[in-house]
Amino acid sequence: QVQLVESGGDLVQPGGSLRLSCVASGSIFTIYTMGWYRQAPGKQRELVASITGTGTRTYADSVKGRFSISKDNAKITAYLQMNSLKPEDTAIYSCKFRLGTSTRTISDYWGQGTQVTVSS
C-alpha cells in the first residue's frame, strides 16, 4: 500500500514564502513523475509543477519564476518552494506521484492535500 503525505501548508502574507513537502511510503520500485496540483474554491484542479525521474521540470505559467519543484529520490519526497506568494495562490495543494510498485504496476497516487492561504 502506497501512501503520500503532504506538509507545509500555512497562512502566509502576500510576498511571503512557503515550502511544501510530499513524502511517499510503501513498496515503491520506480519513480516516474512527481507533481503538485492545486484547487481553489470554485475552480478546477490545476497542475502547478511537475518533475520527471530524469529531472525535467514543468510549471504552470502563473507560477513560473516564483515556484520551484525539487525532489529527493532516496527519500521519495518532492518539494515545492513557493516564493512571492499572491492571494490568488490560495488553494488546497496536493501531490501526485506516478510510481511503479512491487506488484509491477504503474499507478498514480495522491496525497490528502494541504491548505495554503495567502492573506494579509
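Tutor: Let us start with a residue and its partners: leaving aside neighbours within four places in sequence, Asp10 is in contact with Leu18, Gln115, Val116 and Thr117. Please keep in mind throughout that this is a predicted model.

Student: What makes Leu18, Gln115, Val116 and Thr117 count as contacts of Asp10?

Tutor: Contact requires heavy atoms within 4.5 Å, and Leu18, Gln115, Val116 and Thr117 are the residues listed for Asp10 once its neighbours within four places are set aside.

Student: Why is Asp10 called partly exposed?

Tutor: Buried means under 20% relative accessible area and exposed means over 50%, with partly exposed in between; Asp10 has 44% and is therefore partly exposed. Asp10 lies in the loop between β1 and β2 (11-12).

Student: Which loop holds Gly111, and why is Gly111 called buried?

Tutor: Gly111 belongs to the loop between β10 (106-110) and β11, and its relative accessible area is 15%, so it counts as buried, the limit being under 20%. Beyond its neighbours within four places in sequence, Gly111 is in contact with Leu4, Glu6, Ser94 and Cys95.

Student: How do you know that Ser50 is buried, and what does Ser50 touch?

Tutor: The relative accessibility of Ser50 is 17%, so it counts as buried. Ser50 is part of strand β5, and, not counting residues up to four places away in sequence, it touches Met34, Gly35, Thr56, Arg57, Thr58 and Ile69.

Student: What is noted about the backbone of Ile76 and of Ser84?

Tutor: Ile76 has a positive phi of about 50 degrees although it is not a glycine, and for Ser84, also not a glycine, phi is positive at about 50 degrees. Ile76 sits in the loop between β7 and β8, whereas Ser84 sits in the loop between β8 and β9. As for accessibility, Ile76 has 17% and therefore counts as buried, while Ser84 has 41% and therefore counts as partly exposed.

Student: What makes a set of residues a nonpolar core?

Tutor: The members must be buried residues of the nonpolar kinds, joined through side-chain atoms within 4.5 Å. The largest such core here has 32 residues, and those with the most contacts inside it are Trp36, Leu80, Met82, Tyr93 and Phe97. Several strands supply at least two residues each, among them β3 (18-25), β4 (28-39) and β8 (77-82), and the largest share, five residues, comes from β9. In soluble globular proteins, nonpolar side chains tend to be buried together.

Student: Which residues does Tyr93 touch?

Tutor: Not counting residues up to four places away in sequence, Tyr93 touches a list of residues including Leu20, Trp36, Val48, Phe67, Leu80, Met82 and Val116, and also Glu6 and Arg38.

Student: How many helices and strands are there, and why is the protein called as compact as a globular protein of its length?

Tutor: The secondary structure comes to zero helices and 11 strands. The radius of gyration is 14 Å, close to the 14 Å that the globule rule gives for 120 residues, so the protein is as compact as a globular protein of that length. Along its principal axes, the C-alpha trace spans about 45 × 25 × 25 Å.

Student: What share of the residues counts as buried, and how much of the contact is between residues 24 or more positions apart?

Tutor: Of the 120 residues, 42% count as buried. Among contacts with a separation of 6 or more, residues 24 or more positions apart account for 55%.

Conventions
Residues are numbered from 1 along each chain as its sequence is written. This is a predicted model: local features need pLDDT of at least 70, side-chain atom pairs count only at pLDDT 80 or more; totals for chains, interfaces and linings use all residues. Side-chain values use heavy atoms; hydrogens and water are left out. Buried means under 20% relative accessible area, exposed over 50%, partly exposed in between (1.4 Å probe, protein chains only). Helices (H or I, at least four residues) and strands (E, at least two) are DSSP runs, numbered from the N terminus. The radius of gyration is taken over C-alpha atoms; the globule rule is 2.2 Å times the number of residues to the power 0.38.
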